Structure formats: structure tokens, C-alpha cells
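This briefing is for a reader meeting the structure for the first time. Please look at the sequence and the model below before reading the points that follow.

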Amino acid sequence: MKFEQHLALITIPSWSKYYLNYKHLKQVLYANASVSGEEFQVQFEREITKVNQHYCEQEESAQAQLDSLQAQWHADMEAGDKEVWKAKFTQLLQQLEHLADYTQACVTGCRKILKKADKVSGQTVSRTLGPMVASLRFAKPEADEELLREARAAWRKCIAVPALTAPTGPTVQQIVPEIATVTELDLAGFPAGQVSRVWVALAEDALGLPIRVPVIVARGATAGPVVGITAALHGNELNGIPVIHQLIGDVDLSTLHGTLVAVPVVNVPGFHLSQRGYADGADLNRVMPGKADGSSPEVYAYNLIHRITRHFEYHLDLHTASRGRVNSLYVRADLTDPRTARMARLQNPQIIVHNAGPGGSLRGASMQRGIAAICVEIGDPSRFQQYYSKNALLGITNILSQLRMVPDEQCVSKFTPVICSHSFWIYTRSGGILTVHPELATWVRAGEVIASVHSVFGDLVEEYFAPQDGVIVGKNIDPVCRSGNRILHLGIVGDSLPGVLNNGHL
């Protein structure tokens, strides 16, 4: 489906004139093949200004309505007044959901038309106009999400859930059935056409009790590929958890061909401690495939692979940025392997970075076993981000569709991914207060100022410049900076794909 048709289907009728006029911009673009002749830029700036103005007006209106409705609420309202209040609040929630959909559509339209402009003009128009879009409020995905979250929290606070009747029997009520613990995942032993849940023991703690990981197995009614999805290999990287929950909740087992195996939390000790590393701080994504008689994290890694992931035929390892950093929605994959290159593109990321999956990583360990594996980086640590999770879920569904495991048609990408032949981090030389200037998923030119370090007294100590043209894959947001701290992750668009990369990205 062409983007124009897709946009027509998702447009909110009452807001139709406020959407980015993609069709008009395309006409202007082709009528003025020399895009540098300014007409396209003038029209594009006019369109994004219109979009941003509408977004800001709607956001301001929604915030005012939310404040007003919260002020009106009191517990002893008359029943009729309460129903009117509920109706108004419901309309507000719908408005905010519409606003989130509107911004996604317009941001996607901007990316697509700028990519088309680059192609038609033979110039990098997106490098000039892309940062302009990124600087506008409508293009910042967290803004409307935060307001929607605030509104939902207010709704839950004001509309109390009716109290449950106290049980007359035992004071402890079993809500979830007992879930079995196993030491080996036997996929053939799970019933077809059902979702099964088990704990898989990977090690023992200091009390001799099993350290168990949760595993969800969804076996379709008919045979097919085995796709494994792992999340929270780093214990504070959480965005993959709701992706798995939503995927399992949505799958129609009667039409599923094959098996989904999902591990919502791989690093259980790190998850308990809200930290990236294992219980002893070791990075599990540096010790794969582990050792049967090695250190504690090595034994855990060895059993993870031999008891769970060895059963996979395709593997998606879901991650986020580390603490103090933020990421775009991007994929690391070996683009010289046709299987993983196809998976990466189907995932609908903003950026794809070629990386062959070096030793020590879970992805690399899967690839060494012949399992097609990619790493999907979904936003930021220690939080759930609906915007990124929703797009990651669409990408996973695309992969399942391409494997003919589900009948769904592949979804139109929210992003036009930038394909990077390699990437690297840029580090500080000086300590102080760090400010990183570019926004995520925007372009920088060689020589452009990307960061500055000030002393604690406010004096400029050092500025850092982009060594090459590139796209911002991730960046540091922690202002407290020591020598050797990361600044940003720069993706480079090259003419060839290196066979081996040792750039620290696993």
C-alpha cells in the first residue's frame, strides 16, 4: 500500500486539513526537479509549521481541559454531574489518542518526502530539513505520550475501582494457576493451539534454590518455524517486556503456523536489582555462549543457550539504551546474511546498523548455531515507551507474516530506515558538564559541533565535532561527565559492508 493511501485511511476526518499534505509536496517536488531551487523547501517549511501549530494548539487545549476536569472533580459529586464529567474525560482521552496517531502520521510523512527529495534532487536535502523537523514539538514522540499517561493516571485516581467483596473462605486467593518449573524446554511436549507458561531453571542461588526465567510458548495449530524473542538480557532494559506481552495476547493460535517462544526477562538477577548486569555486575552479553563449569554468569549463559535458545530457528533479541543514554528505534544485524538483512528491514526501524554479531553476545551465539538473529534496540532503559514498543511490535508481526506464520499483511513502515555500513561511539577527553546537541535519528555533517563540556563554574572547556557525516543512533543524556565518557553513537552510510566489525556493539 502506498503511503498516500495509508495516510488517507488513518486520517482523522475533522483534522484532515492539518495533516502534512504529502501529495502536494510530492507534486511540488517533481515539478521542481532542482529542489535546491527553494520552492520545495518553502512549501515543506510551510507544511511542517502548519502541523506544528495544530499540534501545539491541541496539546495546549488538552492540557487546559485536563487541568479543568481535575479541578472540577470531587468525590461527592451528584450522579448526573459525575456522568457528564466522565463523558468529557472520555472525549479528552480520545483526543489525546488521536493526537498521538496524528503526530506519528505526520512525522512518517516528513521522513518519506525528505527521502524522496534526496532521491529526486541527487542531494542530501534531508540533512538540512530533517533537523528542522526534529526541533519542532510535534516531532518529539514523548510529548503527547506523557500527557496521555498523565490523563490516564488522573482518570484512575478519580474513578475508583469498586471494592471487591471480601472472600468468606481462605484469606489467600490463588489468582494464577501454579506454573511448573523445568530444567529443559521440550517444545514438542506443549499442546498445539495453546499458550503455555513455564519457569526454566538456569542456576541456583546461595540458598540452593533455582534461579528461574519465565518462558511463554505459543504453539500454533499447524507446524511451522520456531521464532524466539528474548528481552531484558540487561536487567534494566524493559521495553521488550510489553512488546512480548502484546504479541502473545494478540496472536490467533488457530491461524498461527509454527511456534513462538518468548522470554520476557532473561537476566532475572539483574531485573530484581534494576541493573544492567548479572548479580555480580557482569554483562551477560559479553560472556556468551558461557561455560558449563565457568563463573556464575558463564554457567547462567551456558544453560540459557542449551536449555532455551538452541530451539530457535529465528531469534529477535530486544534491548534498550543503557542508563544515562537514549536510543532511536534501531536494529543491529549482519546485512551480508540475506536472512537477517530481510528481518532487519521488516522490523521497521528508524536506523539499521550492519554488525556481524561478534563473539560474547547472545545474538552472536545464536548466529554461530545457524539461527538467524537480530538485535532490536527499543528506546530508553528503566521505562515502558508505548511509541517505540508499538512500532517494534509491528516489525515483529511483519517478520512473522513474511515467514508465513501469521496471515496478517505486512504493515507500512512508520520509518524509512537509514542503512549504516558501520557505526561507532565518540568519547570525551575532558571531564565536566556535558551537553550533547543533536537529536536522535537526525543527520550531522563532518565538522559540525555535536557536544560541549563546561566546567563546574560554567566555563567552556572543550567542544567536540562530528568526524564524518552521519546519523545519530543514540546519545548520552547524563550531564555528569568524566574523561572517556560516551558522547553519541554515530551511524555511517558507506558503500560497502565490512565482514568483521569490532566496535563494541553486540
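Strand 7 (residues 325-327) and strand 17 run antiparallel and are joined by three bridges. The model is a predicted one.

**Strand 17 and its partners**

- Strand 17 covers residues 470-476, and seven of its seven residues are buried, so the strand is largely enclosed by the rest of the structure.
- Strand 19 (residues 486-492) pairs with strand 17 in the antiparallel sense, over four bridges.

- Ten strands form an open sheet with mixed pairing, in the order 1-2-3-5-4-6-10-8-9-11.
- Its edge strands, each pairing on one side only, are strand 1 (181-182) and strand 11 (418-420).
- Tyr330 has Glu377 in strand 10 as its bridge partner.
- Helix 9 (residues 296-307) packs on the sheet and touches strand 2 (194-204) and strand 3 (210-219). The direction of helix 9 makes about 150 degrees with that of strand 2.
- Helix 12 (residues 386-402) packs on the sheet as well, touching strand 4 (222-231), strand 5 (257-263), strand 6 (314-319), strand 8 and strand 10. The direction of helix 12 makes about 165 degrees with that of strand 10.

- Strand 13 (residues 432-436) and strand 15 (residues 449-454) run antiparallel and are joined by four bridges.
- Val436 stands opposite Ala451 in strand 15.

- The axes of helix 2 (residues 22-31) and helix 4 (residues 79-121) come within 11 Å and cross at roughly 10 degrees.
- Because angles under 35 degrees count as roughly parallel, helix 2 is roughly parallel to helix 4.
- Helix 2 makes the contact through Tyr22, Leu25, Lys26, Leu29 and Tyr30, and helix 4 through Gly109, Lys112, Ile113, Lys116, Ala117 and Val120.
- By class, this contact has seven nonpolar, one polar and three charged residues.
- Ala105 is also placed in helix 4, and it is buried, with a relative accessible area of 5%.
- Not counting residues up to four places away in sequence, Ala105 touches Phe3, Leu7, Ile10 and Tyr19.
- Ala105 and Leu20 lie 85 residues apart in sequence, yet 8.3 Å apart in space, C-alpha to C-alpha.

**Cysteines**

- A search of the whole structure finds zero disulfides.
- Cys420 is in no disulfide, and the nearest cysteine sulfur, that of Cys375, is 15 Å away.
- Cys420 is buried, with a relative accessible area of 0%.
- Cys481 is buried, with a relative accessible area of 5%.

Note on methods:
Residues are numbered from 1 along each chain as its sequence is written. This is a predicted model: local features need pLDDT of at least 70, side-chain atom pairs count only at pLDDT 80 or more; totals for chains, interfaces and linings use all residues. Side-chain values use heavy atoms; hydrogens and water are left out. Axes are lines fitted to C-alpha atoms, for helices over the stretch in contact, and angles run from 0 to 180 degrees between N-to-C directions. Helices (H or I, at least four residues) and strands (E, at least two) are DSSP runs, numbered from the N terminus. Angles under 35 degrees count as roughly parallel, over 145 as roughly antiparallel, 65 to 115 as roughly perpendicular and the rest as oblique. Contact means heavy atoms within 4.5 Å. Ala, Val, Leu, Ile, Met, Phe, Trp, Tyr, Cys and Pro count as nonpolar, Asp, Glu, Lys and Arg as charged, and the others, Gly among them, as polar. A disulfide is a pair of cysteine sulfur atoms within 2.5 Å. Buried means under 20% relative accessible area, exposed over 50%, partly exposed in between (1.4 Å probe, protein chains only). Two strands pair if DSSP finds at least two bridges between them.
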